[in-house]
Amino acid sequence: MNLRTTDLPVAPPVRARTSLVATWFAIAAMLMYFAGVFGVYLKERAQVRAEGSSWLPNKVTIELTQPGMVIWTLLISIVVMQWAVYSIKRDDRQHALLAIGTTLVMGAMVIVQTAWHLSQTNLVADEGPTTAATLIYTIVGSYLVAIVIGMIILLLIGFRTLAGQYGSQQTDGVVAASLYWYSLVFIYFIIWIAVFIAK
Amino acid sequence: MTENQTETESNTDESASRPLELGGLAGTFGTTDHKNIGKLYIFFGLTGGLLSLVLHFLVRIERINIGGTSILDFGSSNQYFQTWSLSRTSLLFFCVVPLILGLATYIVPLQVGAPSIAFPRAAAGAFWAWLIGIAMHVVTVFADGGLGVPEPVTQFAQGMDPEATELAILSIAMVVIAILLASITLITTIITQRSQGMTLFELPLFSWSTLVATGIWILTLPIWLGNLMIAWVDFKGDDALRYGNVANIWDQVSWLWSQPMIFAFAIPILGIAGEIIPVSANQSQRQYVFQQIGIGTLGVLSFGAFAQPFFNADVGNQAVFVGMGLIVVLPIVAFFGGLLDTLAKGTPKISAQLILALMSMLSLLVAAGISALHVSGPALGAIQEIDSDWLGGIIDWLKDLQGTVIITAVMEHTLIASILASIAGLYYWSPKIFGIRLNNNVGILTGLSIFGGLVLSGGSNLLNGFLDESESVYMTNAYEGVWDQGAVEFFNIIGLIGSILLVGGISLAILDLTVSVILGKGDTQDAGDPWNGHTLEWATESPPSSGNFSEPPIVDSERPLFTSGGIEQ
């Protein structure tokens with residue numbers, strides 16, 4: 001039997017993946033922002049150490065317990081966010097919402113742990129402001145702002161999912177939010193190594 | 001179903017798919033139509049241009065008496081610096097960038113055949129954030145804020161208010177975030193909203209240049225934002241140490257106005273000239289892909305976020321910086337050569353936009369040439385084998401150009417070239433944007449005035465660079481060691497005449513726009529497609545109605561209206 005192309009069912013229209021493309025560019029901008037401040041941090045740190053001085057003031061203590069908990073929280077949040085994507089692709093809005101809500105809670109946990117960690121480091125208390133303190137506050141503070149933006153996006157996507165905007169036919173919003181969230185985990189991984197572990 | 005019923009349902013569907021259009025103030029403030037947003041950018045960009053060129057004129061007045069007292073009685077060198085730095089920030093962020101964004105926001109969706117810009121509310125939000133940001137920044141400078149001061153006696157020196165300075169940093173950060181948001185909407189539109197049949201290699205050159213420019217801005221402006229945030233965090237502390245110290249703020253952010261980064265704001269010049277010249281010559285552009293490669297190469301060579309002298313004092317002598325400075329001229333020469341070839345093979349019609357486009361390309365070429373000259377000292381010095389006294393003397397002389405007003409000459413040529421190109425675009429697309437043709441003679445006069453002003457002002461900076469006039473003209477010791485004080489002052493008087501011409505030129509453009517568009521005196525005859533345009537924006541009515549196209553166009557060429565059978569609706 002000869003099959004003509006006109007006998008085949010009509011292909012679904014190609015969907016312009018506008019949200020995903022815009023998210024990739026937003027992530028690129030955010031990564032470049034952090035690349036810039038990390039560049040300054042590493043350059044200044046190398047210069048101070050090359051002069052034989054200590055980068056962090058003597059009384060500063062950077063415990064690794066809280067950053068360790070944050071990194072684990074974020075790693076688990078990747079799985080949870082992927083659960084949201086998995087669920088929405090199967091029209092399982094209930095589980096998608098549960099996953100988005102759980103990620104939101106994890107975001108709040110990251111903010112609380114990071115803020116408490118900064119308050120314990122003694123960065124400016126005894127020796128006054130230092131260049132190290134300025135740069136660490138800038139990096140970690142910017143990261144917290146990025147987390148808050150991520151939580152606002154998740155909240156918006158959650159409401160839209162609740163309203164039935166996303167489902168197996170339209171997953172872009174949830175996928176875009178998950179991409180942004182994964183990039184946040186990647187950035188914290190760099191902070192964890194370059195700022196907290198390497199000190 | 002009767003015929004009438006079908007018609008009624010069809011009308012209902014059509015009206016439901018179109019956004020609600022409001023008139024008056026509500027329409028202006030609440031608009032999400034890319035065409036209205038584009039017009040708002042253009043209007044405020046021209047206003048910002050006038051402000052920045054008036055500030056440029058004030059700085060020029062001050063520079064004619066280099067060793068003596070302040071002519072304009074700024075009060076302190078700090079206030080002089082604030083005027084000087086505002087003239088730079090305003091030229092870039094309040095004039096060049098909004099003019100480019102305005103044209104791109106209006107034209108790019110039409111050129112790619114899209115019914116709207118991607119994320120129209122984000123595009124509108126970006127415009128209002130930009131406008132509020134620039135308004136706040138200007139106010140903070142007049143309230144003794146600004147991006148630091150050069151010679152603080154104390155942390156809070158004369159002519160410097162800490163709260164206004166903090167707001168100045170935050171407001172300019174807001175402007176940058178707005179520009180990033182606008183860039184993301186534009187680049188997303190180009191990538192996802194193109195017509196059927198339009199590949200990236202069939203993008204019109206203006207849209208292609210917008211893609212490259214916004215891509216580079218997205219990759220570099222966040223780094224500049226990072227510099228600002230570091231300065232702000234330090235400034236907020238009890239005792240700013242280094243980054244937030246008011247004497248250092250400008251030094252950290254000044255790389256945006258230096259080569260190679262400054263060329264990132266010149267990329268759309270190539271796109272605008274690439275649209276106007278083939279249409280004026282009634283020829284299709286030959287070697288189209290090579291023209292696109294030229295624009296892309298300029299984009300790559302303008303990635304200047306690594307060249308931050310504050311953190312890397314020796315960057316001016318490093319191979320990558322020197323190499324980029326030397327070869328940035330090549331894509332511009334190749335692109336301009338391609339355009340001139342098209343012009344020579346066609347039957348050019350002399351018009352304001354053609355003259356303005358040629359002037360903008362020539363200015364950019366000169367900027368790239370000066371850039372090469374600026375880095376030629378370290379480049380020649382790297383050749384260790386040179387064993388000649390006279391050649392060594394020349395190399396030393398060329399090396400001395402670093403840190404002089406020759407950097408200002410590169411910036412001035414590049415940014416004024418962008419203004420020339422934007423005004424060229426305005427004259428070319430005015431029938432599309434406003435439904436009227438701007439006055440051709442006024443356009444030519446505008447071009448001559450701005451180009452003449454650039455030759456005098458930019459040329460005097462180039463010559464004074466050879467005489468060792470420091471780029472930091474606001475410093476009290478800026479003129480120690482100049483070769484000939486009288487010659488420097490003479491060239492600065494020439495530069496002052498140039499700045500008057502620059503102010504006159506942009507005033508003429510604003511006047512023409514006011515008379516032709518606002519007062520309705522412009523020529524409306526044949527406003528649909530007066531130039532026989534080649535690209536898709538000319539395939540719809542002028543100005544386009546909501547939704548842009550009655551049917552989604554299908555194209556199979558980069559110049560669908562020039563090649564026969566290139567468009568289907």
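## Model confidence

For the complex, the predictor reports a pTM of 0.91 and an ipTM of 0.90. The average pLDDT of chain B is 87, and 89% of the residues score at least 70. Residues 1-17 of chain B have a pLDDT below 50. Beyond near neighbours in sequence, this stretch makes one contact in the model. Where pLDDT is low, predicted coordinates should not be read in detail.

## Chain A

Chain A contains five helices and zero strands, giving the order α-α-α-α-α from the N terminus on. The chain has 199 residues, of which 35% are buried.

Among contacts in chain A with a separation of 6 or more, 82% are accounted for by residues 24 or more positions apart.

## The contact between the chains

Chain A contributes 27 residues to the contact and chain B contributes 28 residues. On the chain B side, helix H6 (162-192) and helix H7 (205-236) each supply at least two residues. The largest share of that side comes from H7(B), with eleven residues. By residue class, the side of chain B that touches chain A divides into 18 nonpolar, six polar and four charged residues.

## Helix H7 of chain B

H7(B), the source of the largest share of the chain B side of the contact, is 32 residues in length. From its first C-alpha to its last, H7(B) reaches 45 Å, close to the 46 Å expected at 1.5 Å a residue.

How much of H7(B) is buried? The count is 29 of the 32 residues, so H7(B) is largely enclosed by the rest of the structure.

## B:Leu40 in helix H3

B:Leu40 belongs to helix H3 of chain B, which covers residues 34-63. Is B:Leu40 buried or exposed? B:Leu40 counts as buried because 22 C-beta neighbours lie inside 10 Å, and the cut-off for a buried residue is 20 or more.

B:Leu40 and B:Ile191 are 151 residues apart along the chain. Their C-alpha atoms are separated by 24 Å.

Terms used
Residues are numbered from 1 along each chain as its sequence is written. Chains are lettered from A and ligands numbered from 1 in the order in which they are written. This is a predicted model: local features need pLDDT of at least 70, side-chain atom pairs count only at pLDDT 80 or more; totals for chains, interfaces and linings use all residues. Helices (H or I, at least four residues) and strands (E, at least two) are DSSP runs, numbered from the N terminus. A residue is buried if 20 or more other C-beta atoms lie within 10 Å of its own, exposed if 12 or fewer, and partly exposed in between; C-beta atoms are placed from the backbone. Two residues are in contact if their C-beta atoms, placed from the backbone, lie within 7 Å. Ala, Val, Leu, Ile, Met, Phe, Trp, Tyr, Cys and Pro count as nonpolar, Asp, Glu, Lys and Arg as charged, and the others, Gly among them, as polar. The expected span of a helix is 1.5 Å times one less than its number of residues. pLDDT is the predictor's confidence in each residue, from 0 to 100.
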